[in-house]
Amino acid sequence: MIDKYVHLQHPYRFSETANVEFEKKYKRITYLGRFSLLKDPMLLMRHREQFAANGYQLEMRGLDRSPAVAFTPGLVYEFHEDGTREPALNTIEYISIKNIERDHPGKTTYDLVHFTDRDLSKVYLFGRYKRDEGLEAVSYSQFGCNFNHNRNPLRLGNNIEYSVAEVIDAGTIPLLNYTTMENCRLYDENGKITDERAIDHSCGICFMKDGSNFEDALAQLNKLSSNKDLYNQYRRDCLEFYKKLYDPKMVATRLVRDLTSKDNSEALSEFKI
């Protein structure tokens, strides 16, 4: 019987090297990471029309052939409110990085990061990517996302998706799920959890899985997307929060405390259930 749990929070050293100027960023949302159903890449599909109506390009870059996969070429579905689904043949543009020259004569991976002649009614799927190319792509997007709708905060711990940390590191504002932002909190100097939650700071725009806050979240996107100063300040505030959360020294302090304590009932009680 398991009577002790330790949340392995990963440290992250933010490079702060990617700083694409606001004027060079595209009004684009880039999903980065595995297309696993748990990470809800379908959120972009569900709200594709609303995003398009507000002028956003939508693209997805990541591993599309994994367990519980959401997308596979030829097996992409569009879901309707009544629960039915149909092949989304007209709403997906699948681009194979391996076959760029064959499928897009004269194009390179660089061109596919920067080309803007896109149909806003479609979601562009690029499949798996090399890390530097994926981060370059998201650095030129105004927003990046990867959602984890795990309803059990104990499984999430005090973590965001690693690919979301890379979105932030690339100088882009992240879109996250509500549960993550509600439960991600800073530590004090002794490694104790505080009441400073990500959702109370400028630390990402949160989306509810059921879409109940979509209009408010979209309004926040539009506000930031149209104002250089607001966007840059929000991006800096977001970076500072997660630098504190993933500070290697603090992560190590926390881990040693949990591993050496007689029990970690206190640690478990820190997360809202």
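This is a predicted model: local features need pLDDT of at least 70, side-chain atom pairs count only at pLDDT 80 or more; totals for chains, interfaces and linings use all residues.

Q: Which residues does Glu59 pair with, and how far apart are the atoms?

A: Glu59 forms a salt bridge with Arg28, where the closest N and O atoms are 3.7 Å apart. This pair joins distant parts of the chain: Glu59 lies in strand S2 (residues 57-61) and Arg28 in strand S1 (residues 26-32), 31 residues apart. Glu59 also meets Arg61, with the closest N and O atoms at 2.9 Å.

Q: Are Glu59, Arg28 and Arg61 buried or exposed?

A: Glu59 is buried, at 0% relative accessibility. Arg28 is buried at 0% as well, and Arg61 is buried at 4%.

Q: How many salt bridges are there in total?

A: The count is 8 salt bridges. One of them joins Asp195 and Arg185, at 3.9 Å from N to O. Asp195 sits in strand S10 (residues 193-197) and Arg185 in strand S9 (residues 185-187), 10 residues apart. Here Asp195 is exposed, at 67% relative accessibility, whereas Arg185 is buried, at 13%.

Q: What is a disulfide, and how many are there here?

A: A disulfide is a covalent bond between the sulfur atoms of two cysteines. The count here is 0 disulfides.

Q: Where is the closest cysteine sulfur to that of Cys238?

A: That sulfur is in Cys203, 5.6 Å away, which is too far for a bond. Cys238 is buried too, at 1% relative accessibility.

Technical notes
Residues are numbered from 1 along each chain as its sequence is written. Side-chain values use heavy atoms; hydrogens and water are left out. A disulfide is a pair of cysteine sulfur atoms within 2.5 Å. Buried means under 20% relative accessible area, exposed over 50%, partly exposed in between (1.4 Å probe, protein chains only). A salt bridge is a side-chain nitrogen of Lys or Arg within 4 Å of a carboxyl oxygen of Asp or Glu. Helices (H or I, at least four residues) and strands (E, at least two) are DSSP runs, numbered from the N terminus.
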